[in-house]
Amino acid sequence: MKVKLKCFKKMKVGEYMAHSSLDLPLWQDPASRSAPWLISLLIYVATIVFLIALTIHSLIDRWDRDTSHKLTIEIPPATQSFDHLAAPFTEDVTEKISAQLKNVPGIKSFRTANQAEIIKTLEPWFGDAEQIRDLPLSKLIYVQLEPGRSFDVIQLRKQLNKIYPEINVEDHFNWKTGIFNMAYAIQIISFLIVVLIFIAVIAMISYMTRASLIIHRDIIDILHLIGAKNNYIAWQYQSHSFKLALQGTFVGVILVALTLLVFDNIMNQFDFPLITKALSSWDIWAIAFIIPALIVVLMAYSAKITALKMLRKYDF
């Protein structure tokens, strides 16, 4: 009892009330002062990185579903260089292509985009819609393929080029492959970063626990003499780590919430709510709390396991 009172000599009343359940003065360890700030930083980075990975995954998955089994046929405006090779650029060309598409096996449906749709597509790049109307615009035909059926895009391109040589059939495969590969690489890197953060948390709490056991070895010996078991001493470290983790979690979650609100507000100003478009609000807040909760549990459990191993190995 004298040992415990001696440790509390220079403590404030609030500190004593907060840690009165512990027989070891673990809150006085140097590492305990900086640990919550480091934990909050790790939680912040892990949560933001994980949200980025899930946002990319959701956007790519949705994009893949929207573009799978679809073709876009572009009919450029006629130019003098190939007027003698094919029919002039008139509505007759579109009608001939439509008639050809009806006889192609594997095509489920198709429709011709009207001028308003084409102008809306070009507005982000060319600006004013009135200026776009003065430009020679291509005709676009959107084709929906039958799912689960193979389709020869090259053969279709050859058939349509007989009607109009400059027709372009876009199956989106080439540019989709590059974008998807880059997105998957970003996701893998993001998940690796989260795993490394979890490993860093385990390493940090293990080091803190080992150092603290050495610092407080005399007090631990006295606790053993009065009947304290290793499990009880390990619980002291588990409880202390749990409190440190909660302090860090509180700051980390606030930082994550502020970052998401500011970022989403900025993206909304550009009419592109990236995160909220990809993930529901429930998904976002679930991730914002699940990762910190995992880190809290991981810290508490790691502290207990490390303490028990040290106590048994070195016979404190």
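## Basis of the model

Throughout this report a residue is called buried when its relative accessible area is under 20%, exposed when it is over 50%, and partly exposed in between, with a 1.4 Å probe and protein chains only. The structure is a predicted model, in which local features need pLDDT of at least 70 and side-chain atom pairs count only at pLDDT 80 or more, while totals for chains, interfaces and linings use all residues. Residues are numbered from 1 along each chain as its sequence is written, and side-chain values use heavy atoms, with hydrogens and water left out. Helices (H or I, at least four residues) and strands (E, at least two) are DSSP runs, numbered from the N terminus.

## Aromatic pairs

Rings of Phe, Tyr and Trp (its six-membered ring) are taken to pair if their centres lie within 6.5 Å, and planes under 30 degrees apart count as stacked, over 60 as edge-to-face and the rest as tilted. By this criterion the whole structure contains 3 aromatic pairs. One of them joins Phe 50 and Phe 191 in an edge-to-face arrangement, 5.5 Å centre to centre and with 70° between the planes. Because Phe 50 lies in helix 3 and Phe 191 in helix 8, the pair ties together parts that are 141 residues apart in sequence. Phe 50 is partly exposed, at a relative accessible area of 22%, and Phe 191 is likewise counted as partly exposed, at 32%.

Phe 180 and Tyr 184 form a pair that is tilted, with 6.3 Å centre to centre and 55° between the planes. These two residues are 4 residues apart in helix 8, and so are separated by about one helical turn. Phe 180 is buried, with a relative accessible area of 10%, whereas Tyr 184 is partly exposed at 40%.

## Nonpolar cores

In soluble globular proteins, nonpolar side chains tend to be buried together. A nonpolar core is here a set of buried Ala, Val, Leu, Ile, Met, Phe, Trp, Tyr and Cys residues joined through side-chain atoms within 4.5 Å. The largest such core has 38 residues, and those that touch the most other members are Leu 24, Ile 39, Leu 213, Ile 220, Tyr 237, Ile 295 and Met 299. Two or more residues each come from helix 3 (30–67), helix 8 (173–215), helix 9, helix 10 (230–269) and helix 12 (281–314), and helix 12 gives the most, with 12 residues. Another core, of 18 residues, lies apart from this one and includes Ile 107, Leu 145, Val 153 and Leu 160.

Helix 9 (residues 217–225) has Ile 219, Ile 220 and Leu 223 buried. They cover an arc of only 100° around the axis, taken from the directions from the helix axis to the C-beta atoms, which puts them on the same side of helix 9. The face turned away from that buried side carries the exposed residues Asp 218 and Leu 225. Gly 227, which has a positive phi near 105°, follows helix 9.

In helix 7 (residues 153–163), the buried residues are Val 153, Leu 156, Leu 160 and Ile 163. Their arc around the axis is only 65°, which puts them on the same side of helix 7. Ile 154, Lys 158 and Lys 162 are exposed on the other side of helix 7.

Arg 217 lies in helix 9 and is partly exposed, with a relative accessible area of 37%. Its C-alpha atom is separated by 9.9 Å from that of Leu 311, 94 residues apart along the chain. Leu 246, in helix 10, is partly exposed at 42% relative accessible area. Between Leu 246 and Ile 39 there are 9.2 Å in space, C-alpha to C-alpha, although the two are 207 residues apart in sequence.

Lys 139 lies in strand 3 (residues 139–145) and counts as partly exposed, at 22% relative accessibility.
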